[in-house]
Amino acid sequence: MALGDLVVLNTIGCNKDGNNHNMTDGNGSVNGNGTSGNQKAARLSISDEIVSRRAQGDAVFACVASASSNATSSIVYLPPKVYLRDLNHDAFEASALSGPSESGLVSKWRMKDRMKTGSVALVLCLNIGVDPPDVIKISPCARMECWIDPFSMAAGKAIDAIGKALEKQYTRWQPRARYKLAADPPVEEVKKLCNHCRKNAKSERVLFHYNGHGVPKPTANGEIWLFNKSYTQYIPLSIYELESWLGTPSIYVFDCSAAGMIVNAFIERQEWGSGVSSATAMKDCILLAACGADEILPQSPEFPADIFTSCLTTPIQIALRWFCPRSLLRDSLDPNLIDSIPGKQNERKTLLGELNWIFTAVTDTIAWNVLPRELFQRLFRQDLLVASLFRNFLLAERIMRTANCSPLSFPLLPPTHQHPMWDAWDMAAEICLSQLPTLLNDPNVEFQPSPFFTEQLTAFEVWLEHGSERKKPPEQLPIVLQFLHPRELWNTRNILFGRQQHWECWKHSQCSWPKNRAMREPLAFTMTCWAPTNVKMGLLWCRLIPECIHMGPAWLLKSPNRRKQGF
């Protein structure tokens, strides 16, 4: 019997047959058809069985009994032959490991080591006004850098404005990091910058962003190009030197033509190494490259020159600009209006916030469906900035493949540009954009939320009706966990989630309990409010107790009135 068999009911008792018709009065006496002695004997018998089969049950019993001693509620155990005794529960019990949670199933999927990106180095090698010798640009061509035309002002002012804009774009995803900018730097300045970032970050991750649109392509040996102090020569910098300066953990973003050369050189170097230290260093380094080793960046004026950076840092803006000419609104919507979308990304009730929320749900769902679980946890749950970059990297792959470019990453991700969830994103974006002219013309008009989440909730319900354990998991599960608004549909979401948790034997190895506080808090809050009066919510609590027991007894028993204090 699982830990979830322990249930706290306010005034309800259960006889041996599982019928709720024994009531306790205020003095603790028993009324009804059952006798007090038989009921106590049944409770003790079931209690002994739970303790013997689950050592963790003692901890949960202690914390619940302590919390309920100050109240009038009684503690009872549901009969094992009535509740949580389906074949899938028996199979789970047979495969479960005994012992504390550190050696149990929770440790298999829960991310133990959280990480944060503490420092960001932004290196811009634009050399505005001078094209690199190995790239031929035909006018008109892509010129925009961070949505700024570098030829609209003096070269010195332009690169400073681009650097500040890039820092602002990254700040949206990680506002607490330390940012350092190097514009057209010599090698010595980059070395000083890297050492400074590693010193400030200590054991945290460092992000190195390289824009090489004004220098030659990387070499086959994995060298990027910088300048000498007098800006008369291009000076190569090996990726191996750069890695030695930055140390680990680190993440590299290379926005330049033939960026795949750098990834290939990095992988070859790791293959030369051997032992545990080499494997650890390889795991602690993440690379994002704009294109393959034999590819050049798109030069069409339809795209900005830094289209890869735009996808990583301003995904909504570039996604809508790319989608608008391909949508049914291409004849009625001015693409320039996309820059004026009202709202903020963190305000869900605005147009921009709704689009950002849907985009996050779609990319998270695509990654959850195509990536191995360990890789998904590492890239999308360990570090907030890394998770945001990889969500946006999926968009970069979709957009840049239409321009004959294939962005690369290390670790290597499977192709996702044709995933069916992109069609759901296109439909949601089209519905939201259809309201844009009206919202801009009349600020008093209220934005109508997209039916995206409601539709995905319906699709999840259909899967529950017709799916089985022999089929693949439902694609909509991550979206269901992010479905927070409107509140009147919380109950429906939780009931469906409870049905899925009830019979899905793969839930421990999949994404079942949300790791993000914004996703986790409303789910726990709604279950806390409704558990005493709704049996389905109570059973959902029981099934999730083994998942969240690592959060401690205080989290399990926290009052919903204090939920804003965090979990």
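I began with Ala 428, which, leaving aside its neighbours within four places in sequence, is in contact with Ile 358, Ser 450 and Phe 452. Contact here means heavy atoms within 4.5 Å. I note that this is a predicted model, in which local features need pLDDT of at least 70, side-chain atom pairs count only at pLDDT 80 or more, and totals for chains, interfaces and linings use all residues. Residues are numbered from 1 along each chain as its sequence is written, and side-chain values use heavy atoms, with hydrogens and water left out.

I looked up where Ala 428 sits and found it in helix H15. Helices (H or I, at least four residues) and strands (E, at least two) are DSSP runs, numbered from the N terminus. Ala 428 has 3% relative accessibility and therefore counts as buried. Buried means under 20% relative accessible area, exposed over 50%, and partly exposed in between (1.4 Å probe, protein chains only). Ser 450 is 22 residues away from Ala 428 along the chain, and their C-alpha atoms are separated by 6.4 Å.

**Helix packing**

I next checked H15 (residues 421-433) against H11, and their axes are 11 Å apart at an angle of about 90°. The axes are lines fitted to C-alpha atoms, for helices over the stretch in contact, and angles run from 0 to 180 degrees between N-to-C directions. H11 is therefore roughly perpendicular to H15. Angles under 35 degrees count as roughly parallel, over 145 as roughly antiparallel, 65 to 115 as roughly perpendicular, and the rest as oblique. On the H11 side I listed Ile 316, Ala 319, Leu 320 and Phe 323, which meet Trp 425, Asp 426, Ala 429, Glu 430 and Leu 433 of H15. This contact has seven nonpolar, no polar and two charged residues. Ala, Val, Leu, Ile, Met, Phe, Trp, Tyr, Cys and Pro count as nonpolar, Asp, Glu, Lys and Arg as charged, and the others, Gly among them, as polar.

I then followed H11 (residues 315-323) to H12 (residues 351-370), where the axes come within 10 Å and cross at roughly 90°. Pro 315, Ile 316 and Leu 320 of H11 make the contact with Leu 352, Leu 355, Asn 356 and Phe 359 of H12. I sorted these residues into six nonpolar, one polar and no charged.

From H12 I went on to H14 (residues 384-401); these axes come within 9 Å and cross at roughly 85°. H12 and H14 are therefore roughly perpendicular to each other. Phe 359 of H12 is listed here too, along with Thr 360, Thr 363, Asp 364, Ile 366 and Ala 367, meeting Arg 391, Asn 392, Leu 394 and Leu 395 of H14. The classes are five nonpolar, three polar and two charged.

**Asn 211**

I found Asn 211 in strand E7 (residues 205-211). Asn 211 counts as buried because its relative accessibility is 4%. Beyond its neighbours within four places in sequence, Asn 211 is in contact with Val 123, Leu 124, Cys 125, Leu 126, Glu 145, Asp 255 and Asp 306.

**Whole protein**

I noted 22 helices and 12 strands in the protein. Buried residues make up 53% of its 567 residues. Of the contacts between residues at least 6 apart in sequence, 73% join residues at least 24 apart.
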